[in-house]
Amino acid sequence: MPRFAANLSMLFTEQDFLARFKAAADAGFSGVEYLFPYDFSADEIQAQLKAHGLTQVLFNLPAGDWSKGERGITCHPDRVEEFRAGVAKAIEYAKVLGNTQVNALAGIRPDGPDCATVRKTFVENLRYAADQLQAAGIRLVMEMINTRDIPGFYLNTTEQALAIQAEVGSDNLFLQYDIYHMQIMEGDLARTLEANLTRINHVQLADNPGRHEPGTGEINYRFLFEHLDRIGYQGWVGAEYKPLTTTEAGLGWLKSHNAI
């Protein structure tokens, strides 16, 4: 069975951020992920990881002004220097937290620049980040996100991501495969996971519709968890969903789907 990480940006949000680490461990999770660590010192977060025996699994590169609706800057031609500074900042945090992978959110396609310029920026930024992170012993992933939840997001399908990966040409760039987003955009989940196993370094989950916990929608998660075992997936699975009611009330899937 895969190892499961609680996404602390979406789970246990009834508590202050630093208190969520204990809650995740108490619930049976062995790892944690979240959007960003940058509002806290790396030492504060590291203390929580150590106190509760948790592995820091994933966080994102700085992604612009999240509160104003920005969802990444990797494809933005006018923010390359900001992107590069964010890579350096992420490396500083990852070294303290023992985090071995970070995600570069593509962002919403900016108005103005032509398609070729946006793609060139995205590719060159990913190449830069992949090189810098590789030197620090950290893997880079990029995430495909559905166009319904984030209209205009630049990276939307597995096929597009594979083409970008090939163009970047780095052996330190991988896919972050979010089952929820890809069910909406393309389906064919099991076959796609198996066909691209060597290119995927992180998996996330939520059910569809609603983006709630497994068992609330149409996705057969019992089958998918067993399938990940069968094909030899060695990475983490991040529980990145919006609880249907409360986090605690929705944790029954861990046992009912043999996740713990």
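Predicted model: local features only at pLDDT ≥ 70, side-chain atom pairs only at ≥ 80, totals over all residues.
Local features need pLDDT of at least 70 and side-chain atom pairs count only at pLDDT 80 or more, while totals for chains, interfaces and linings use all residues. Residues are numbered from 1 along each chain as its sequence is written, and side-chain values use heavy atoms, with hydrogens and water left out.

Eight strands close into a barrel. Their order is β1-β2-β3-β4-β5-β6-β7-β8, and the pairing is parallel. Strands are DSSP runs of E with at least two residues, helices are runs of H or I with at least four, and both are numbered from the N terminus. Two strands pair if DSSP finds at least two bridges between them. In general, strands of a sheet pair through backbone hydrogen bonds. Strand β1 (residues 3-7) runs parallel to strand β2 (residues 31-33), and three bridges join them. A6 stands opposite V32 in β2.

Helix α4 (residues 115-135) meets helix α5 (residues 158-168). Their axes come within 9 Å and cross at roughly 65°. Axes are lines fitted to C-alpha atoms, for helices over the stretch in contact; angles run from 0 to 180 degrees between N-to-C directions. From α4, the contact (heavy atoms within 4.5 Å) uses R119, F122, V123, L126 and R127. From α5, it uses A163, I164, E167 and V168. Six of these residues are nonpolar, none is polar and three are charged. Here Ala, Val, Leu, Ile, Met, Phe, Trp, Tyr, Cys and Pro count as nonpolar, Asp, Glu, Lys and Arg as charged, and the others, Gly among them, as polar.

In a cavity, a 1.4 Å probe fits but cannot get out; a pocket is an open set with protein on both sides within 12 Å along at least five of seven lines. Lining residues have an atom within 4 Å of a point. Points are joined across faces, edges and corners, and a volume is the space filled by probe spheres set on them. The largest pocket holds about 590 Å³. It is lined by 29 residues, and S9, L35, F36, W66 and E240 are the closest to its centre. The lining has 14 nonpolar, seven polar and eight charged residues.

Two backbone features stand in loops. Most residues other than glycine have a negative phi, and most peptide bonds are trans. F12, between β1 and α1 (20-27), has a positive phi near 60°. A cis peptide bond joins N208 and P209, with omega about 5°. P209 lies between β7 (200-205) and α8 (221-231).

Technical notes. 1 Å grid on protein atoms, 1.4 Å probe; cavity = no way out; pocket = protein on both sides within 12 Å on 5 of 7 lines; lining within 4 Å.
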